[in-house]
Amino acid sequence: MAYRDTNGKQPYRKNRAEGDRPSRNYGADGTRSYRSADSEGSARGGRKPDGVRGGAKRVETRGERTENMDGTYRRGSEQQRKPYRKSFDERRTETAYQAPAVQQSEEDEQPYLLIGRNAVREAIKADRSIDRILVSNETDGSLREIVNLARDKKLVIREVDRKKLDELCMPFGHGGKTANHQGIVAYAAGVEYCTVADILAVARERNEEPFVIVLDGIEDPHNLGSIIRSADCAGAHGVVIGKRRSASVTAAAVKSSAGASEYVKIARVVNISGAIAELKKAGVWVAGADMHGQPMGKQNLSGALALVIGSEGDGLSKLVRESCDFLVSIPMQGHIDSLNAGVAAAILMFEKRRQDGK
């Protein structure tokens, strides 16, 4: 770095061995001290305060920096005080690790709603625990019938604007459209899940051979609701769903079931394969729905049976397929070689009932 002396002589370059920068002052305790304007050098780089390279002017503008105990500092005079943003200890405390908050699932965050006339009507008939019912102020014949039924049960009924119902049902709709509430919704307690043993107990009470629907990874709540509805119509004693990678009985599922979820026992298990093993111990044959299975018309589906339906995209998982006693398929004749999970389940259910002679 080139310097010019005060007498105007030609610039010269110091040898790096001699040091091309003036040395900084350090105290006895090893800390760096800032020089004042009257000191031998300026606060920046140790340049001389004789006007050369603006040394005196720089010292005057920046002044002496002194940090106080309360986190403030001053420049120049004692009266010029500005808050020093935050002390290091405060910043370290704020950025310290904090355990992440427990994230609630969407099912827990959203209110449990019964949406639509059929769902609300069947819940009232089944003496479901209902907090309150919201009904549109624009009522017609069937809606007034439900309201009168609710009044007979001494339930709380509130008339609201239809826009309010649209807002409540928006999370349960499709393609940015609100769910079809048909002018009525009800706040109800969440569905009460049971166990596989409870489903088998229902069959014993009716003096019937067990007929159970097992769902392996059904993720669409509308498909789940459709299967529950078909299970009720086909006389199944219960439906088994998984806790992981499976849809639960939400408001959308209840709406799709048209109220059938009030009558069908629903067991929610951790392990589908474990549930299948429990059914086998009870003497129930397990049939898996798979396109590579035996055609349903040639396979014996009568008697005690558990029908396993796979996920919408991948079908039965490998472990569940190996747990089944046999596989059954639906004959196809068109250009598409697969059916919607809810439709396929319904076809197999009623084929089983046909073979039972019911």
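Is Asp356 buried, partly exposed or exposed? At 24% relative accessibility, Asp356 counts as partly exposed, where buried means under 20% relative accessible area, exposed over 50%, and partly exposed in between (1.4 Å probe, protein chains only). This is a predicted model, in which local features need pLDDT of at least 70 and side-chain atom pairs count only at pLDDT 80 or more, while totals for chains, interfaces and linings use all residues. Residues are numbered from 1 along each chain as its sequence is written, and side-chain values use heavy atoms, with hydrogens and water left out.

**Salt bridges**

- The count comes to nine salt bridges, each being a side-chain nitrogen of Lys or Arg within 4 Å of a carboxyl oxygen of Asp or Glu.
- One of them joins the side chains of Lys352 and Asp356 (2.7 Å, N to O), and both residues lie in helix α12 (residues 341–356), four residues apart, about one turn of the helix.
- Salt bridges that share partners join Lys352, Arg353 and Asp356 into one network, and Lys352 is buried, with a relative accessible area of 2%.
- Another salt bridge is formed by the side chains of Glu262 and Arg128 (2.3 Å, N to O), and both of these residues are buried.

**The open sheet**

- Four strands form an open sheet of mixed pairing in the order β6-β9-β7-β8; strands (E, at least two residues) and helices (H or I, at least four) are DSSP runs, numbered from the N terminus, and two strands pair if DSSP finds at least two bridges between them.
- The edge strands, β6 (113–115) and β8 (157–160), each pair on one side only.
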